[in-house]
Amino acid sequence: MNENNPLEFETVVETFYSSLFRFGISLAGNEADASDLTQQTFLIWANKGEQLRDQSKVKTWLFTTLYREFLRSRRREKNHPSQSLDEMELEIPDGGALPSHELDGQKVLEILKGLDETYREPLTLFYLEDLSYKEIAEILEVPIGTVMSRLSRGKGMLRQGLEAAS
Amino acid sequence: MNRDEALKILLSVRSREEGAGDSLVEEAFLQMESDPELKQAWEAQQKWDRAIKQSIPATPIPQDLKQRILSRKEPKKSRISKIIPFPPSLWLPWAAAALLVFGLGIWKIERQEEERNFALFEVHAVDYTRGFFMLSKHSEKMDEIRGWLSAHHSPYTFQILFHTAGMEQLGCRQVEFCGIRSSMVCFEIEGLKKEVHLFIVDKDDIKNLPPYGVPAFSEKHGNALACWTDDRHGYVLTGNIPMEELKKLF
């Protein structure tokens, strides 16, 4: 970001708009809605961004806002009850084996898209945006334990999907 | 913490530093130090994660997106216009079709008038909040919300019957119902982090109004509703919240 004025609108847009759009795609599933969500998020930033005092939080603020806008735009049909680690089924993914073949990126995206959004949302933020479990918890507004459960379970599903496809 | 729990935690963390200050993560890493299998599983997961990340192709970004954002305007969905060929040889069928449309229009207007009753408005309000919508005006200030609704010829002189302490106004939009314009104002209940939506319609536009000055509570499609009337408007307040939470607002 621009060192002189890191929160300048154009600088923030330049830095984050493509990653926000990617997240929008993963939520909305199409380019038009993802574009609208991204545009709306920056419009809110333009009006409210100055209230953010901690500059290091710009990224999570933007992702949280986009996610809220998405939820606001679409009433979820089903609830996603928070699961604590204790409530999780103890299905330990086999962490030992890597696929012997080269991973097919399109296939990875396809399987990600097919996952329930409970798992797709944290996995997208983890793999595509390199966010930590704490940042993901903040953006999705769920407890850390829930994010961990969804990440570990989602990774297991992704692995199973890739194995089945190979 | 048992081994399975430690593994679940480790599978979502990229490094020890990432979990600094988080006692559960620190405990899981401590456990890993004395458990070679756990360490092997974590390292394999890191390798797997990197392979997944590297495999994912770049997402193409729409060329005009940045410009649209920088314009600082409300998003507007693209509309595809279709040019329909209209050769003279088709005039007669088109004229017949136009007559049919005109007739249907008259029928629709009459039907809309019939359907303008409050019970259907309640259903419309609930269904609307469950579908995909975006707010046209984002604001925490009720004056700005009223101003936007006034400028768009939607009901704006409404009275808030319920308590708004602990609630934040999010914005508004216009919602059409059977040819009439109603207003929708969205609030967030801060404690619950849940939204409720207030729909307002002019009394003169609708029949079979709910009780005057006192909310009537009901549930529809999983939403809690409160409906009432005052001197000028009919109201529906609805949200996907427990009924007792909605009642607490009054």
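This is a predicted model: local features need pLDDT of at least 70, side-chain atom pairs count only at pLDDT 80 or more; totals for chains, interfaces and linings use all residues.
## Fold of chain A

Chain A has seven helices and zero strands. Along the sequence the pattern reads α-α-α-α-α-α-α.

Chain A has 166 residues, and 42% of them count as buried. Take the contacts in chain A between residues at least 6 apart in sequence: 66% of these join residues at least 24 apart.

## The α2–α3 pair in chain A

Two packed helices are described by the angle between their axes and the distance between the axes. Helix α2 of chain A spans residues 31-48, and helix α3 of chain A spans residues 58-73. Their packing angle is about 120°, and the axes lie 9 Å apart. α2(A) and α3(A) are therefore oblique to each other. Their crossing is right-handed.

On the α2(A) side, the contact is made by A:Leu37, A:Thr38, A:Gln40, A:Thr41, A:Ile44 and A:Trp45. On the α3(A) side, A:Leu62, A:Thr65, A:Leu66, A:Glu69 and A:Phe70 take part. By class, the contact of α2(A) with α3(A) has six nonpolar, four polar and one charged residues.

## Contact between chains A and B

Chain A puts 47 residues into the contact, and chain B puts in 46 residues. On the side of chain A that touches chain B, five helices of chain A each supply at least two residues: α1 (9-28), α2, α3, α4 (105-114) and α7 (144-165). α2(A) gives the most, with 11 residues.

What is the class make-up of the side of chain A that touches chain B? This side has 24 nonpolar, 13 polar and 10 charged residues.

## Helix α1 of chain B

Helix α1 of chain B covers residues 3-10. Its buried residues are B:Ala6, B:Leu7, B:Lys8, B:Ile9 and B:Leu10.

Which helices do the buried residues of α1(B) pack against? In chain B, they pack against α2 (23-33) and α3 (36-55). From chain A, α7 joins these two as a packing partner.

## B:Lys247

B:Lys247 sits in helix α8 of chain B, residues 243-248. Is B:Lys247 buried or partly exposed? It has 13 C-beta neighbours inside 10 Å, so B:Lys247 counts as partly exposed. A residue needs 20 or more such neighbours to be buried, and 12 or fewer to be exposed.

B:Phe217 lies 30 residues from B:Lys247 along the chain. The C-alpha atoms of B:Lys247 and B:Phe217 are separated by 8.0 Å.

Technical notes. Residues are numbered from 1 along each chain as its sequence is written. Chains are lettered from A and ligands numbered from 1 in the order in which they are written. Axes are lines fitted to C-alpha atoms, for helices over the stretch in contact, and angles run from 0 to 180 degrees between N-to-C directions. Helices (H or I, at least four residues) and strands (E, at least two) are DSSP runs, numbered from the N terminus. Angles under 35 degrees count as roughly parallel, over 145 as roughly antiparallel, 65 to 115 as roughly perpendicular and the rest as oblique. A crossing is left-handed if the near helix is turned anticlockwise from the far one by less than a right angle, and right-handed if clockwise. Two residues are in contact if their C-beta atoms, placed from the backbone, lie within 7 Å. Ala, Val, Leu, Ile, Met, Phe, Trp, Tyr, Cys and Pro count as nonpolar, Asp, Glu, Lys and Arg as charged, and the others, Gly among them, as polar.
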